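Here is a friendly walk through one protein model, with a few stops along the way. Please keep the sequence and the 3D view open as you read.

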Amino acid sequence: MSRLSGLFLPLVLILTAFQPLHAQHAPLSPDAPWQPTHNLFGSGPTPLYRHEATLDNDTVYTLGQLIDIAEENNPSTHAAWARARAAAASVGIAKSELYPTIIAAAAGSTFLNPPLLYKTFVIQDIGAFETALKINYTLVDFGARRDEIDASKARLLAANLSFNNEQLVLIQQVSSAYYKLLNTIGLREAAEVNLHDAQTVEDAVRDRKANGLATLPDLLEARAATAKADYELQSTLGAEKTAFGDLSTVMTASPTSPFKVQELKDLVIPDTMNQTVEEAIQSAYQTRPDLLSDIEHVKAADAELKYAHSAYYPKLEFDGSKGWLRAWGQQESYEGTYGKTYTYDAKLSLTWTVFDGLKRENRISQAKAERAAAEEEVREREDKIADHVWGDYADATTALQQRVAATSLLNASSESYNASVESYKDGVRNILDVLSAERDLAQARAVDVTARTQVLQTFMDLAFRTGSLLTDHPKGNHP
């Protein structure tokens, strides 16, 4: 019995150790989700690389400060930075081919060998130890290494510009989310004023009804207007929470941690365009990092094409080594012996590929096709840039005109509303006139807020399309 226990105990331990592996299996059927074992993730799946930006609840953050925080914490820009560093390392790898390769080697061996000597096998016991310094260097390759270096440099510039483009996109995302939040805050503040106005009108109607100057339907109309204003306020509160969450997300901050931002009233609203649309398009051609990155891809493709052509030329290489050999040996029936000596070798080789199954021809065809594709991508990018800049320029111009009209509308609506309330109190206007003026004023407030944020948004969009947002965005010093 003890022997059986001794045999089965290791087997049980092995099966127990691998039990979690055997517990996993494929889904049992195609119409039901796979159910993992209860302890597959331990205490539960957790994000391994989760990182959140920390913001101070007592600080009022400007747009520049928000952008700084996002740049420090956003994973997309960090990933682009890592890719740029990898491209920089690839340049160093390509340049290393210009230098010789030197290898220090040491080898020891021992063997017992019975070679056949005449009609009998003679046992030989030999041990050897050799150290050597080996060198390999390509003397001539007709520019192949230089072409590879040029290609890697172009790819590095493309990676750096792609990193800048990620920065540009992030700035645009933060700015857009910020202006959206400002718009919802402004609409919420306008809705609060609208609710106050509606309550004021309702109080006035209640007073007039108490004095026999208003009817019950008038009071009900005023109450309905107040309820509608309260409903719209609740809608703006929900929209503000959503916009705050969007801004927190793009900054990698938690939406459950509140923070304050600089309000719309503290910002300077542009009132004129500082360039023509033609100037904006030309500026985009010169500064857009994604376009410049595509151009560098064309340059890299040119270098790769030259590198493919260099395979038709011969290559001259030098190989050499210098070392020290020590050995001990003994032959059966004889005394052992020990020897040592210096060793060296040198070789100059010229290799020229005569035929390789059309590999070089196909590589050249591939390089030409990739170069043509890269060039067409540049042309496509230029067409899209011109179209986007034109559209955003028109939007910015329209937003400026709408801003002027919105200001006039708000002033006129405010005057109309105040006059209607005073006239109603004097018994000259009825409640329907007052409520109509109240609705017009509420809409005018919302239009004014949207018009102001729309100017900021469209100007930012235009700066994003031209690429100037990367250098012109406000910088801030956050704590």
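## A tryptophan on strand 7

Which residues does tryptophan 328 touch, not counting residues up to four places away in sequence? They are Asp125, Ile126 and Gly127, together with Gly336, Thr337 and Tyr338. Bear in mind as you look that this is a predicted model.

Tryptophan 328 sits in strand 7, and its relative accessibility of 37% puts it in the partly exposed class, because that class runs between the 20% limit for buried and the 50% limit for exposed. Along the chain, tryptophan 328 and phenylalanine 129 are 199 residues apart, yet their C-alpha atoms are separated by 9.0 Å.

## The largest pocket

Strand 7 turns up again here. The largest pocket holds about 740 Å³ of space. It is lined by 31 residues, and those closest to its centre are Ala144, Tyr307, Ser310, Ala311 and Lys315.

Which elements build this lining? At least two residues each come from strand 5 (124-140), helix 5 (144-210), helix 8 (289-310), strand 7 (315-331) and helix 9 (359-425). Helix 9 gives the largest share, with 6 residues.

Let us turn to helix 4, which covers residues 75-95. With 21 residues at 1.5 Å a residue, this helix should span 30 Å, and the 31 Å between its end C-alpha atoms agrees with that.

Which residues of helix 4 are buried? They are Thr77, Ala80, Ala84, Ala87, Val91 and Ala94. Viewed down the helix axis, these buried residues fall within an arc of 90 degrees, so they line one face of helix 4.

## Helix 3, largely enclosed

Helix 3 has 11 residues and 10 of them are buried, so the rest of the structure largely encloses this helix. Among the buried ones are Leu63, Leu66, Ile67 and Ile69, and also Gln65, Asp68, Glu71 and Asn73.

What covers the buried residues of helix 3? The cover includes strand 1 (60-61), helix 4, helix 5, helix 6 (216-250) and strand 6 (260-261).

Leaving aside neighbours within four places in sequence, threonine 184 is in contact with Ala239, Glu240 and Ala243. Between threonine 184 and alanine 446 there are 9.7 Å in space, C-alpha to C-alpha, although they are 262 residues apart in sequence.

Aspartate 197 is also found in helix 5. Is aspartate 197 buried or exposed? At 10% relative accessibility, aspartate 197 counts as buried. Not counting residues up to four places away in sequence, aspartate 197 touches Tyr417, Glu438, Leu441 and Arg445.

Notes
Residues are numbered from 1 along each chain as its sequence is written. This is a predicted model: local features need pLDDT of at least 70, side-chain atom pairs count only at pLDDT 80 or more; totals for chains, interfaces and linings use all residues. Side-chain values use heavy atoms; hydrogens and water are left out. On a 1 Å grid over the protein atoms alone, a cavity is a set of points where a 1.4 Å probe fits but cannot get out, and a pocket is an open set with protein on both sides within 12 Å along at least five of seven lines; lining residues have an atom within 4 Å of a point. Grid points are joined across faces, edges and corners, and a volume is the space filled by probe spheres set on the points. Helices (H or I, at least four residues) and strands (E, at least two) are DSSP runs, numbered from the N terminus. The expected span of a helix is 1.5 Å times one less than its number of residues. Buried means under 20% relative accessible area, exposed over 50%, partly exposed in between (1.4 Å probe, protein chains only). The arc is that of the directions from the helix axis to the C-beta atoms. Contact means heavy atoms within 4.5 Å.
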